[in-house]
Amino acid sequence: MTTPRLYGVTAHVDEKKVHYLCEVIRSISKLPIETDFVILTNLEVKNYSEFLMRRLGDIDSKCRIKVINQDFDQLESPWLITWAHKEFIKDAYESKRYTHYMYLEDDMRFSTENLICWFKGRELL
């Protein structure tokens, strides 16, 4: 069996909700599989990656975080940032490096228990 690897994406648009995003990332980093997690944001905070990593503190090294600033000028509407993940998921899928893919809202936790349920449910499908 292939070693599970997860590719996840979230859109983060409200700086006041950064504590929720940090909770999401912390829960993802505790998963027992390697994870690449992309955060799409429209926030124009200088060095947002560094800002976020300081807020997160220590996270497990098997979880790699990448922050991508999404320019609203490239979107028909700012609300479409939540759909910008499709291109990233498609590219990750085509890379064949991952066994699982997910999109999460920036305030939606995903735990090890959720992952186990996902694995079990996959067998039933």
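**Notebook: salt bridges, sheet and cores**

Entry 1. I began with arginine 109, which counts as exposed because its relative accessibility is 55%, and the cut-off for exposed is over 50%. I note at once that this is a predicted model. I then looked up the partner of arginine 109: it forms a salt bridge with glutamate 23, and the closest N and O atoms are 2.1 Å apart. The two residues come from distant parts of the chain, 86 residues apart, with glutamate 23 in helix H1 and arginine 109 in the loop between E4 and helix H4 (112–124). Glutamate 23 has a relative accessible area of 26%, so I recorded it as partly exposed.

**Entry 2. Confidence.** The protein chain has an average pLDDT of 83, and 95% of the residues score at least 70. Confidence is highest in H3, at a mean of 91, and lowest in H2, at 82.

Entry 3. I traced an open sheet of four strands in the order E3-E2-E1-E4, paired in parallel. Strand E3 (63–69) and strand E4 (100–105) are the edge strands, each pairing on one side only. On average, neighbouring strands of this sheet are turned by 20 degrees against each other, direction ignored. Within it, tyrosine 7 stands opposite tyrosine 101 in E4.

I next looked for helices on the sheet. Helix H1 (residues 18–29) packs on it and touches E1, strand E2 (34–41), E3 and E4, its direction making about 165 degrees with that of E2. Helix H3 (residues 85–95) also packs on the sheet, touching E1, E2, E3 and E4, and its direction makes about 170 degrees with that of E1.

**Entry 4. The nonpolar cores.** Which residues touch the most other members of the largest nonpolar core? I found Ile25, Ile28, Phe37 and Leu52, in a core of 22 residues. H1, E2, helix H2 (48–56), E3 and E4 each give two or more residues to this core. Its largest share, six residues, comes from H1. Apart from this core lies another, of ten residues, among them Tyr7, Val9, Val38 and Ala92. In soluble globular proteins, nonpolar side chains tend to be buried together.

I then listed the contacts of isoleucine 28, leaving out residues up to four places away in sequence: Thr35, Phe37, Cys63, Met102, Leu104 and Phe110.

**Entry 5. Serine 29.** Is serine 29 buried or exposed? Its relative accessible area is 5%, so it is buried. Serine 29 is found in helix H1. Beyond its neighbours within four places in sequence, serine 29 is in contact with Ile59, Asp60, Lys62 and Cys63.

**Entry 6. Further salt bridges.** I noted that the structure holds ten salt bridges. In one of them, aspartate 36 meets arginine 5, with the closest N and O atoms 3.3 Å apart. Aspartate 36 lies in strand E2 and arginine 5 in strand E1, so this pair ties together parts that are 31 residues apart in sequence. Both residues, aspartate 36 and arginine 5, are buried. They also belong to a network of salt bridges that links Arg5, Glu34, Asp36, Arg64 and Arg97.

Notes. Residues are numbered from 1 along each chain as its sequence is written. This is a predicted model: local features need pLDDT of at least 70, side-chain atom pairs count only at pLDDT 80 or more; totals for chains, interfaces and linings use all residues. Side-chain values use heavy atoms; hydrogens and water are left out. Two strands pair if DSSP finds at least two bridges between them. Axes are lines fitted to C-alpha atoms, for helices over the stretch in contact, and angles run from 0 to 180 degrees between N-to-C directions. Contact means heavy atoms within 4.5 Å. A nonpolar core is a set of buried Ala, Val, Leu, Ile, Met, Phe, Trp, Tyr and Cys residues joined through side-chain atoms within 4.5 Å. Buried means under 20% relative accessible area, exposed over 50%, partly exposed in between (1.4 Å probe, protein chains only). pLDDT is the predictor's confidence in each residue, from 0 to 100. A salt bridge is a side-chain nitrogen of Lys or Arg within 4 Å of a carboxyl oxygen of Asp or Glu.
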